[in-house]
Amino acid sequence: MKKILLTAFIIFATAQLFAQTALKVGEKAPLFNAKDNSGKLIDLKKVLKEHQSVVLFFYRGQWCPFCSKHIKNLQDSLQVLTAKGAYVIGVSPENAAGMDKTVAKTKASFSIISDRDYSIMKAYQVNYVMEPGLADKYKKGGLDVAMANGQVDYVLPVPATYIIGQDGKIKFAYFDKDYKKRPSVKVLEAAL
């Protein structure tokens, strides 16, 4: 019976991930309010009034080398993005200690939000639950994703990236379930 329930859960979790789709270009971006890693209140509506656009990206955690590389690339080219009027925001389920490690590794100077209740990830339809087999594989490799995020469950975001215009509409959407793939800074710059 346990094996049947585990198999059913794996199928459900996998189906949940593959059933997800990105928010589309032209759709209204969900608004949110949250404190970033420096304690600053980030009100998306207010940020959009002050900037021409927002580059909003989701990442899995400081433990993910692909996430760290992407964040480092964004930081290295931050002046290119801000020169085009963009404000960059990263969102992750990782806890404060994880965010501190992310900043230390990548030297990120833009806002990073810990989405502890997954509300931003859910609003942008990027959240999914890791299947138990994969979570166990990570644990055997020395990484308990739930513990690393200070949670009891295994929720991660698809590493999606959105550019939101001043009108609050999505003008660029990158959503790839392959966590190894991210949009380049050149692609983002061209979309701004």
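## Cysteines

The model contains zero disulfides, a disulfide being a pair of cysteine sulfur atoms within 2.5 Å. Cysteine 64 is in no disulfide, and its nearest cysteine sulfur, that of cysteine 67, is 3.1 Å away. Cysteine 67 is likewise in no disulfide, with the sulfur of cysteine 64 as its nearest at 3.1 Å.

Both residues are classed by relative accessible area: buried means under 20%, exposed over 50%, and partly exposed in between, with a 1.4 Å probe and protein chains only. Cysteine 64 is buried at 1% relative accessibility, and cysteine 67 is buried at 0%.

## Model and confidence

This is a predicted model, in which local features need pLDDT of at least 70 and side-chain atom pairs count only at pLDDT 80 or more, while totals for chains, interfaces and linings use all residues. Residues are numbered from 1 along each chain as its sequence is written, and side-chain values use heavy atoms, with hydrogens and water left out.

The mean pLDDT (the predictor's confidence in each residue, from 0 to 100) is 88, and 89% of the residues reach 70 or more. Over residues 1-19 pLDDT stays under 50. For that segment the model has 17 contacts beyond four places in sequence, a contact meaning heavy atoms within 4.5 Å. Where pLDDT is low, the predicted coordinates should not be read in detail.

## Overall architecture

The protein has nine helices and nine strands. These are DSSP runs numbered from the N terminus: helices are H or I with at least four residues, strands are E with at least two. Of the 192 residues, 48% count as buried. Among contacts between residues at least 6 apart in sequence, 72% join residues at least 24 apart.

The largest nonpolar core has 57 residues. Such a core is a set of buried Ala, Val, Leu, Ile, Met, Phe, Trp, Tyr and Cys residues joined through side-chain atoms within 4.5 Å. Phe58, Tyr124 and Tyr162 touch the most other members of this core. Apart from neighbours within four places in sequence, the contacts of phenylalanine 58 include Val91, Ile120, Met121, Val126 and Pro157, along with Tyr124 and Tyr162.

## Helix 5 and its surroundings

Helix 5 spans residues 96-106, and its buried residues are Gly98, Met99, Thr102 and Thr106. Seen down the helix axis, these fall within an arc of 100 degrees, so they line one face of helix 5; the arc is that of the directions from the helix axis to the C-beta atoms. Helix 3 and strand 5 (111-114) are among the elements that cover the buried residues of helix 5.

Lysine 107 follows helix 5 and lies in the loop between helix 5 and strand 5. Its phi is positive at about 60 degrees, although lysine 107 is not a glycine. Lysine 107 is exposed, with a relative accessible area of 56%. Glutamine 75, in helix 3 (residues 65-76), is buried at 16% relative accessibility. Not counting residues up to four places away in sequence, glutamine 75 touches Thr106, Lys107, Ala108, Ser109 and Phe110.

## Helix 7

In helix 7 (residues 132-140), the buried residues are Pro132, Ala135 and Tyr138. Viewed down the axis, they fall within an arc of 125 degrees, so they line one face of helix 7. The face turned away from this buried side carries the exposed residues Lys137 and Lys140. Glycine 142, with a positive phi near 100 degrees, follows helix 7.

## Other local features

Most residues other than glycine have a negative phi. Tyrosine 118 has a positive phi near 65 degrees. Tyrosine 118 is placed in the loop between strand 5 and helix 6 (119-123) and is buried at 8% relative accessibility.

Asparagine 33 belongs to strand 1 (residues 33-35) and is exposed, with a relative accessible area of 54%. Leaving aside neighbours within four places in sequence, asparagine 33 is in contact with Leu41, Ile42 and Asp43. The C-alpha atoms of asparagine 33 and lysine 45 are separated by 8.6 Å, the two residues being 12 apart along the chain.
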